[in-house]
Amino acid sequence: MVRTRRGFTLLELVVVIAILAALAGLVLNKIDWVRRQATMAVGANTCGEVSNNIQEYLTLTSELPNGMDSLLDTTGAVYTKLIGTTDAVGSLPTTITVSSMGGTGSDKRLNSLVRMGMSFVNDHSTTSTNATDSGTSARAISNDYPAGSATGSVSANASANMAVVLTGTSVWNSVYPANIWAGTTSTSTTMVIDSNGTNASLVALGVGPGNSMNGTTMVTPPQYPGPDSNLYYYRYVALFAVYSDGRRAELKTVIEPFGRTIDSELSNFNSSTPNEVPPGSRTPE
């Protein structure tokens with residue numbers, strides 16, 4: 001007697017499909033987790049590389065790079081296409097504010113940058129179709145622009161608007177830890193650093209395509225991995241300490257466009273689990 005081979009029943013097919021769907025969900029979740037960890041690792045590594053690039057440029061030229069992105073638009077306001085301005089994903093827009101910095105008198109914070117060879121920054125075009133490459137409008141912060149400081153006669157403008165880090169924020173505390181500097185901030189953007197009443201601020205400048213390191217210590221400015229680079233600014237941001245007595249500016253750290261420091265990136269990398277990846281997330285957050 002020949003036995004006919006029986007196919008799957010409807011119930012068996014439903015069970016198999018359900019198992020495959022569950023396995024697919026686990027795999028996709030795992031892939032998203034791995035992608036997020038990789039992004040965090042790339043971000044932390046690139047922050048370090050950009051910092052090294054700036055230091056190398058300073059060593060080669062004895063100047064800080066010119067043509068860095070100001071993070072302000074051509075109207076003088078904080079650039080509205082920074083990540084987090086409209087979607088509350090990144091913290092950079094709530095970390096920085098506009099500050100008018102002086103070049104003479106009792107406020108020589110601008111002179112801290114100028115005496116290091118910085119004579120102009122690039123403001124962001126409000127009509128640019130590419131947010132990441134929007135720093136296209138050069139703005140002088142020095143009377144010597146655009147000649148540079150080769151003659152040593154460079155002098156700061158009387159004042160200029162710059163993007164500075166708010167005191168007490170996580171970015172500020174990554175440079176000046178709260179357990180050391182608590183109670184010494186004199187305003188929302190300055191901190192007293194000595195008995196003479198000298199104030200320090202942190203100026204935030206983006207490493208965009210117009211900066212003078214391109215072709216010298218870097219081939220092209222790095223871009224943080226993420227979608228919608230036309231809608232959001234995906235360049236890394238350098239933080240420079242400037243001082244009211246005009247002493248030389250110092251590079252303190254480099255952060256990524258979400259406002260995270262290297263330590264924060266590494267912390268996110270180490271603590272990431274598949275369950276922490278928000279479903280449908282637009283960004284590596």
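Me: Which residues have the most contacts inside the largest nonpolar core?
Reply: Ile54, Leu113, Met162 and Phe240, in a core of 36 residues. A nonpolar core here is a set of buried Ala, Val, Leu, Ile, Met, Phe, Trp, Tyr and Cys residues joined through side-chain atoms within 4.5 Å. Buried means under 20% relative accessible area, exposed over 50%, and partly exposed in between, with a 1.4 Å probe and protein chains only. This is a predicted model, where local features need pLDDT of at least 70 and side-chain atom pairs pLDDT 80 or more, while totals for chains, interfaces and linings use all residues. Residues are numbered from 1 along each chain as its sequence is written, and side-chain values use heavy atoms, leaving out hydrogens and water.

Me: Which elements give two or more residues to that core?
Reply: Helices H1 (10-61) and H3 (109-114), plus strands S5 (159-165), S7 (199-206), S8 (237-243) and S9 (250-255). H1 supplies the largest share, 5 residues. Helices (H or I, at least four residues) and strands (E, at least two) are DSSP runs numbered from the N terminus.

Me: And what is Ile54 in contact with?
Reply: Leaving aside neighbours within four places in sequence, Ile54 meets Leu64, Pro65, Met213, Ala238, Phe240, Leu251 and Val254. Contact means heavy atoms within 4.5 Å.

Me: Switching to Ser112: buried or exposed?
Reply: Ser112 is buried, at 0% relative accessible area. This serine is found in helix H3. Not counting residues up to four places away in sequence, Ser112 touches Val242, Tyr243, Gly246, Arg247, Arg248 and Ala249.

Me: Where does Arg247 lie relative to Tyr243?
Reply: Over the face of Tyr243, at 5.1 Å from the ring centre. The criterion is NZ of Lys or CZ of Arg within 6 Å of the ring centre and within 35 degrees of the ring normal.

Me: Nice. How many aromatic pairs turn up in the whole structure?
Reply: The search finds 4. Rings of Phe, Tyr and Trp (its six-membered ring) pair if their centres lie within 6.5 Å; planes under 30 degrees apart are stacked, over 60 edge-to-face and the rest tilted. Tyr234 and Phe258 have ring centres 6.5 Å apart and planes at 75 degrees, so this pair is edge-to-face.

Me: What does that pair tie together?
Reply: Parts 24 residues apart in sequence, because Tyr234 lies in the loop between S7 and S8 and Phe258 in the loop between S9 and helix H6 (262-271). Both Tyr234 and Phe258 are buried. Ring pairs also link Tyr224, Tyr234, Tyr236 and Phe258 into a cluster.

Me: Last one: how many helices and strands in the chain?
Reply: There are 6 helices and 9 strands, and 45% of the 285 residues are buried.
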